[in-house]
Amino acid sequence: MIKFLKRFISDSVNKGKINQNNLDSSPVDIKNHILLALKLLKIDCPIIEYPALIFESRNQVVVQKKIDKQTVPQDASFYGAYQLNNLVLVAKYTPTFVNNKIDMVEKNNAELFFFLLHELRHIWQEKYHKDIYGSKNAIGYEVIEDIAEIDADAFALSFFFSDKIPYNHNDLPNSLNQIFLHATVDGGKRFERVLEISKEINLECKSQIDEAIEHVDKDYIRQNVFIMKLNGYI
Ligand SMILES: [Zn+2]
């Protein structure tokens, strides 16, 4: 387990090289998809790592290289992925809550790729549109309404479900509900942005996204919306 304060991450990251060797740690069958995304976004390949878990507790980001459920504190809030400067971490495991018990499910390669796409878009935002997206770092439920998070989610949805990538909703067995949750509760902002992005960069994704929405677990959405309303998040 690595523990570090946020400000220390940037010091170590700046030493990283930007080149295609940064793809070495990625699963073979998503490497070409990553290259395509980098080309489309016109960004260099960041350093990409796949630790077991990433979570925040008491303003500290904790990265577990190997999974160790016993040491995860009660107040941990989990990240699917995390980006800081030229470093992108994608967590291999996704927490699921069943009967108030936390369980960890391993993401497949398509799911790792989806979460990576979101973070690559943040790098694009920082490189080309810092004025629009750089104002604040959304945390917790702020991400629902945050313009940078909406754009990053919308890009990931547009590209993942596009004609450029051979995946569809069946490839997201552990993440489909989570991926569509914010798009369901944001009043249509993510889907609006999907339309804009897909037009801008010429992606055909509408039918695949519509089909994916059909397969989202409505009970999962209902329960989560209920909890969010109860807590005044939406
Ligand atoms: Zn984000």
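These legends describe close-up views of a predicted model. Residues are numbered from 1 along each chain as its sequence is written. Local features of this predicted model need pLDDT of at least 70, side-chain atom pairs count only at pLDDT 80 or more, and totals for chains, interfaces and linings use all residues.

View 1. Eight residues from domain 1 and seven residues from domain 2 form the contact (C-beta atoms, placed from the backbone, within 7 Å). Helix α2 (residues 28-41) supplies four residues, the largest share of the domain 1 side. Helices (H or I, at least four residues) and strands (E, at least two) are DSSP runs, numbered from the N terminus.

**View 2. F159 in helix α5 (residues 147-160).** F159 is buried because 27 C-beta neighbours lie inside 10 Å (buried: 20 or more other C-beta atoms within 10 Å; exposed: 12 or fewer; partly exposed: in between; C-beta atoms are placed from the backbone). Not counting residues up to four places away in sequence, F159 touches A37, L117, K164, I165 and L203. L117 is 42 residues from F159 in sequence, with a C-alpha to C-alpha distance of 8.1 Å.

**View 3. Positive phi at K42 and R58.** Most residues other than glycine have a negative phi. K42, in the loop between α2 and β2 (47-49), has a phi of about 55 degrees. K42 is exposed, since 9 other C-beta atoms lie within 10 Å. R58, in the loop between β3 (53-57) and β4 (60-64), has a phi near 50 degrees. R58 counts as exposed, with 8 C-beta neighbours inside 10 Å.

Conventions: Contact = placed C-beta atoms within 7 Å.
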